[in-house]
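Student: Could you take me closely through one part of this model, beginning with a single residue and then working outward through its surroundings? I would like the terms spelled out as you go.

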Amino acid sequence: MIVQRVVLNSRPGKNGNPVAENFRMEEVCLPDNINEGQVQVRTLYLSVDPYMRCRMNEDTGTDYITPWQLSQVVDGGGIGIIEESKHTNLTKGDFVTSFYWPWQTKVILDGNNLEKVDPQLVNGHLSYFLGAIGMPGLTSLIGIQEKGHITAGSKKTMVVSGAAGACGSVAGQIGHLLGCSRVVGICGTHEKCILLTSELGFDAAINYKKENVAEQLRESCPTGVDVYFDNVGGNISDTVISQMNENSHIILCGQISQYNKDVPYPPPLSPAIEAIQKERNITRERFLVLNYKDKFEPGILQLSQWFKEGKLKIKETVINGLENMGAAFQSMMTGGNIGKQIVCISEEISL
């Protein structure tokens, strides 16, 4: 059987901006037979995420993420339906997900590396398992629970950068749900600002491309900042940290403004900002959601419950077609998405 796949065509270089042309599509032959323990799956949805930028380099700079290889199939978060199974716990028609799903229309995988998902948890919106009720949602929830130190009724003010992205759009809502009295988002367009305040419950939103962030923060956070959910790093984070209160907390989720630069992760703060951090005893610890696997199952159930109760609004930007994976990745890295960036490979969920 001939299937289509996406391979890494070229590397952007450690200090380069990724472009759609770094990826290319090709056809490959899928074996007719599968072995014991394997399943053949049809890909439904694929995810593009900021962390993947590190995988485009020869060295990812981390020990838990491997680099993509040139002319080899690219992989990441994906979800699909089983068409044929020789695995004892998986049957035809099951929906499964993996963090290492090949960017391919159909694929043969080891069933032990797949996780079965229940469509009822997402009211049938399977792509949500790659976003708000998947890894980005867990990153937001567990990050806030573990590093935010928020308690109900504590009247804390939380600021979220990259607030209209996959993690940010969920994190702001969770901040309110867990007890923050005020949540302020920072994003890059007027449209995103309106969405944050009118649909996602943020108390205020700042457009960093058009407004003076320091000024707007002082206005939006009159009592200072207690919790900062940081998705971007760089100048925006320096501005937020300079307005943080004593004994406040930074949740270090991502540093997308730094991913096209050859700097360590997390990038060091400038001496002036580091002095503020130490003086005010602001915690800024690296947070890696994969270290909290015991909290995944209860976390998914909590996110699903909030979604079903209408307390968690989910936003996603969907592009159709495997041939658009590179374009989707480039768009996500430059803020073209609202909520989770998803690529739909096949919508046909019946066999």
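Tutor: Leucine 177 is partly exposed, with a relative accessible area of 31%, where partly exposed lies between buried (under 20%) and exposed (over 50%), computed with a 1.4 Å probe on protein chains only. The model is predicted, so local features need pLDDT of at least 70 and side-chain atom pairs count only at pLDDT 80 or more, while totals for chains, interfaces and linings use all residues. Residues are numbered from 1 along each chain as its sequence is written, and side-chain values use heavy atoms, with hydrogens and water left out.

Leucine 177 sits in helix α3; helices (H or I, at least four residues) and strands (E, at least two) are DSSP runs numbered from the N terminus. Not counting residues up to four places away in sequence, leucine 177 touches Trp306 and Lys311, contact being heavy atoms within 4.5 Å. From leucine 177 to aspartate 226 there are 49 residues in sequence and 16 Å in space, C-alpha to C-alpha.

Helix α3 (residues 168–177) packs with helix α2 (residues 135–147) at an angle of about 40 degrees, their axes being 9 Å apart; the axes are lines fitted to C-alpha atoms over the stretch in contact, and angles run from 0 to 180 degrees between N-to-C directions. The crossing of α2 and α3 is right-handed, that is, the near helix is turned clockwise from the far one by less than a right angle. On the α2 side the contact is made by Gly137, Ser140, Leu141 and Ile144, which meet Val170, Ala171, Ile174 and Gly175 of α3. These residues divide into 5 nonpolar, 3 polar and no charged, where Ala, Val, Leu, Ile, Met, Phe, Trp, Tyr, Cys and Pro are nonpolar, Asp, Glu, Lys and Arg charged, and the others, Gly among them, polar.

Serine 304 belongs to helix α8 (residues 296–308) and is buried, at a relative accessible area of 3%. Leaving aside neighbours within four places in sequence, serine 304 is in contact with Leu121 and Ile133. Serine 198, by contrast, lies in helix α4 (residues 190–198) and counts as exposed at 54% relative accessibility; its C-alpha atom is separated by 26 Å from that of isoleucine 300, 102 residues apart along the chain.

In α6 (residues 234–241), Ile236, Ser237, Val240 and Ile241 are buried. Seen down the axis of α6, these residues fall within an arc of 130 degrees, so they line one face of the helix; the arc is that of the directions from the helix axis to the C-beta atoms. The cover over this face includes β8 (157–161), β9 (182–187), α5 (213–220), β11 (225–230), β12 (244–252) and α7 (271–279).

In α7, the buried residues are Ile273, Ile276 and Gln277. Viewed down the axis of α7, they fall within an arc of 100 degrees, so they too line one face of the helix. They pack against α6 and β13 (283–286), whereas Pro271, Ala272, Lys278 and Glu279, on the other side of α7, are exposed. Just after α7, asparagine 281 takes a positive phi of about 55 degrees.
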